[in-house]
Amino acid sequence: MIEKLKRWMEKVKSSSVLKPFLAVKNWFQENVIKRKLVIFSVLFVAWISLLAGALYSPERQIYTDDQLKTKQTFVNGTGEIKLTSQTYSPTTGIIVLQFETRDATSSVDRGIDAKRLKWKLYSQNKSAKTSMEVVPIVDNKISVIIRGVPEDFGAFAIDVINTTVSTSSVDIDITSPSSDDSSTSKSLSPKEEEAERTVQFFVTTQNKNLKQKTIDAVSREEFTLTEIENEITYQEGQIKKLNDSISKLKTSIEDDESRKEGLNTEAKYLSGDDLEANQKDISVIDSNIESKNRSIETATENIEKLKGKIETLNKKKAAVKDGTFEFSNPIETVEMK
């Protein structure tokens, strides 16, 4: 058996298929320095290949989380703006962005006045066909449409400048020359003021928030109807949530009443410290019931407010459909920088 195995091994070694491999093996054994050089070269080429793949891969992350964040606050305290959705249509070369704003200079919850927002568009790969339309919708919602988007657009940077005046910095006091000089020395330069009024958003295919979807027609009316319908759905969800909360609070109050009834029954047989502890427990339950009833009243009031909002939204929806709705601000077209 061993002899047969040896003969088979000899036959394999003399095979023409293995001769090149045996020759390479012998060469490596005889040339130690060259063998090390070849191995080093192979490893170096593999390392370079991996590095090049990392540098030129389209999936490479070159933007920080801070650059890609979707909620920005103006440093000068005039408000904030949030990028709520990003949609890219490669087939039609359109990007649609939805923004919501909050005005910190007014107690009226209608967002930042669209007339006070200035927009700038920048891109890595410029195209003469690329432009951006800023479409104010209703209240605090703004749609932004980037048209003529090339397939290799890489990334867009959008500057939003809020020119809303912050009255917190307004000085109506009489000051002496010395204090006036002091305040003047602390004033910001035009560039610093511009920086405090500006926030920047990045739109890139490397951002998981950028969804791909075919977009055909994009008109202000269509955006408005979509936003109104989304808002109605959201408010109806809020009403359902509040009704569920009211139901849970009422059930909890029933449990509290049952506990209170049990404590009142026990009180007939208690005295001294035990009776005092019993009365304290009843007082705590009464306080809980009162708090829960106040919560029910607040929830009921909020439901009525939401119903009023939905009624207003339905009126706006009907006006948009029949063409009688009056938009508060015109569409603004921004050329790429």
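Reader: Buried means under 20% relative accessible area, exposed over 50% and partly exposed in between, with a 1.4 Å probe and protein chains only. Where does lysine 305 fall, buried or exposed?

Author: Lysine 305 counts as exposed because its relative accessibility is 58%. This is a predicted model, in which local features need pLDDT of at least 70 and side-chain atom pairs count only at pLDDT 80 or more, while totals for chains, interfaces and linings use all residues. Residues are numbered from 1 along each chain as its sequence is written, and side-chain values use heavy atoms, with hydrogens and water left out.

Reader: Which helix is lysine 305 in?

Author: Lysine 305 belongs to helix α8. Helices (H or I, at least four residues) and strands (E, at least two) are DSSP runs, numbered from the N terminus. From isoleucine 239, lysine 305 is 66 residues away in sequence and 9.7 Å away in space, C-alpha to C-alpha.

Reader: How many helices and strands are there in the protein?

Author: The protein has 8 helices and 10 strands. It has 337 residues, and 30% of them count as buried.

Reader: Salt bridges next. How many does the count come to?

Author: There are 17 salt bridges, where a salt bridge is a side-chain nitrogen of Lys or Arg within 4 Å of a carboxyl oxygen of Asp or Glu. Lys71, Glu80 and Arg102 are joined in a network of them.

Reader: What does glutamate 231 pair with?

Author: Lysine 141 is the partner of glutamate 231, with 3.4 Å between the closest N and O atoms. That pair links distant parts of the chain, 90 residues apart: glutamate 231 is in helix α7 and lysine 141 in strand β6 (residues 141-147). Lysine 141 counts as buried because its relative accessibility is 10%.

Reader: And what about glutamate 229, which side chain does it meet?

Author: Glutamate 229 has a salt bridge to lysine 317, at 3.8 Å from N to O. Glutamate 229 is in helix α7 and lysine 317 in helix α8 (residues 272-322), so this pair ties together parts 88 residues apart in sequence. With a relative accessible area of 34%, glutamate 229 is partly exposed.

Reader: How far apart are the closest N and O atoms of aspartate 256 and lysine 292?

Author: They are 2.7 Å apart, in a salt bridge. Aspartate 256 lies in helix α7 and lysine 292 in helix α8, so the pair ties parts that are 36 residues apart in sequence. Aspartate 256 counts as buried at 5% relative accessibility, and lysine 292 counts as buried at 18%.

Reader: Which residues gather in the patch of negative charge on the surface?

Author: Glu254, Asp255, Glu257 and Glu261 do. Patches are made of residues with over 30% relative accessible area and no salt bridge; like charges are joined within 9 Å, and nonpolar side chains (Val, Leu, Ile, Met, Phe, Trp, Tyr) within 5 Å. The place of a charge is NZ of Lys, CZ of Arg, CG of Asp or CD of Glu. Aspartate 255 is in helix α7 and counts as partly exposed, at 38% relative accessibility.

Conventions. Areas by Shrake-Rupley, 256 points an atom, 1.4 Å probe, with all protein chains shown as cover. Lys, Arg positive; Asp, Glu negative; His and termini not counted.
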